[in-house]
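Dear colleague,

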Amino acid sequence: PAERPKIRWKGGEESSRTLAMAGEAGGGRPRDWLSMDETAAAFLSRSLSTRPPILLPPPLHRAPLRPGNVVEIAGPSGSGKSQLLLMSAVQCILPKEWEGVYFGGLGKAVMYIDLDCRFDVLRLAQILRKRIAACYGSVHPTNENFVTDGSKDKFHSFESTLFSDCMKRFLYVRCYNSSELVAALKSLKSQSEARSEVFGIGVYFLMLDSIGAFYWIDRALQPTRESKGKTLSFQSITETVVQEIHKFLQLQPILVLVTKAPIYGEGITTSNDFQRGSLKHMSEDSTALRYPKREEERNGSCREYMPSAWQTFVTHRIKLQDLAQEAGFFSEQENEMLSVHTCEWVQPSLNSKEKFYIKDDGVGLIQ
């Protein structure tokens, strides 16, 4: 048989040999793998079925999200970051339908990594129970004979069984330093496989609250060298975190939701800021150097402190603010005045801000 012509690519001899071997293994020409084997419609149908769009509860519903996206939710303390994570977690662990009652959930598992050590399991249970009661009530409305006809006992049995089933899909991990965070991410694959073997579902949402929790601790540590000679610093730790999450995303596409507290341009002094500070700052009240100013929190004049490896890894960014200076929102359902927050999509930029408030059963939008 005639010798096949060698095809040279810009990659050199190695690329040519690889392509020729692929052609020989397939029993055809080296370019056979480039031939069309499906239409555009078939490709879109396959892509949408393997990675369907994820609809999160408001105000996270504006931009389409898919498994593989990394969403960063940034905002000051009290702006509702953790509340949005809990709302999304409930949406994930709730089933789409249960015994004839529609919930619209995903019925999948969540891994929640708590770095601030402020996770409130009672708040998660409250949101979950409220969602169950609201959906159940829409199908089985209560009546005057709610107690006498046994409907109350039936609801309690329904709620208890579903609540237990949902909480089995919620995996909680608490980390006290960056080393524990890296160890938790390295075990993500085994944890997901264990859940899949026991419950038939793997981890679908990964949540980190919050990514900058150990920033000051890691910056204060003197750079040390690991056994392989690599310098251990805040930047190298962040790069390791990104690598571990990226490895898992290649094996199993999941949605990553991360909160991040800001560092303000003024009102907080880092070690570098202190060295280039002027006598004017030294003469000010010492409390102004240690605590963020409320006005700066409102204006959002914060600076980016995460390394470039993290910034390029994030695919979507959301900015939250607490409008404490404005009048609150009176909720007739809660019968009290609630604080107002704003949500703005920065990446992709939607050029709009949505106002919302936090209530017992989650988050409500202000129209």
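Glu159 and Arg129 form a salt bridge (a side-chain nitrogen of Lys or Arg within 4 Å of a carboxyl oxygen of Asp or Glu), and their closest N and O atoms are 3.5 Å apart. Because Glu159 lies in helix H5 (residues 151-167) and Arg129 in helix H4 (residues 121-139), the pair ties together parts that are 30 residues apart in sequence; helices (H or I, at least four residues) and strands (E, at least two) are DSSP runs numbered from the N terminus. Glu159 counts as buried at 11% relative accessibility, whereas Arg129, with a relative accessible area of 34%, is partly exposed; here buried means under 20% relative accessible area, exposed over 50%, and partly exposed in between, with a 1.4 Å probe and protein chains only.

Before going further, please note that this is a predicted model, in which local features need pLDDT of at least 70 and side-chain atom pairs count only at pLDDT 80 or more, while totals for chains, interfaces and linings use all residues. Residues are numbered from 1 along each chain as its sequence is written, and side-chain values use heavy atoms, with hydrogens and water left out.

A search of the whole structure finds twelve salt bridges. One of them joins Glu304 to Lys260, with the closest N and O atoms 2.9 Å apart, and it links distant parts of the chain, since Glu304 sits in the loop between strand E11 (302-303) and helix H14 (308-313) and Lys260 in strand E9 (residues 255-260), 44 residues apart. Glu304 is partly exposed, with a relative accessible area of 36%, but Lys260 is buried at 6%. Both residues also belong to a network of salt bridges that links Glu72, Lys260, Glu304 and Arg317.

Another salt bridge is formed by Arg174 and Asp114, whose closest N and O atoms are 4.0 Å apart. This pair, too, links distant parts of the chain, with Arg174 in strand E5 (residues 170-174) and Asp114 in strand E4 (residues 109-114), 60 residues apart. Arg174 is partly exposed at 36% relative accessibility, while Asp114 is buried, with a relative accessible area of 1%.

Asp209, in strand E6 (residues 203-209), is buried yet has no salt bridge, and the nearest side chain of opposite charge (Lys and Arg count as positive, Asp and Glu as negative, and His and the chain ends are not counted) is that of Arg118, 6.3 Å away. Leaving out residues up to four places away in sequence, the contacts of Asp209 (heavy atoms within 4.5 Å) include Ser82, Tyr112, Asp114, Asp116 and Thr259.

As for nonpolar cores (sets of buried Ala, Val, Leu, Ile, Met, Phe, Trp, Tyr and Cys residues joined through side-chain atoms within 4.5 Å), the largest has 46 residues, among which Phe103 and Phe205 touch the most other members. Helix H3 (residues 81-93) gives the most to this core, with eight residues. A second, separate core of 33 residues includes Cys175, Leu206, Tyr215 and Val241.

Over the protein chain there are 14 helices and 17 strands, and buried residues make up 40% of its 367 residues. Among contacts between residues at least 6 apart in sequence, 70% join residues at least 24 apart.

With best regards
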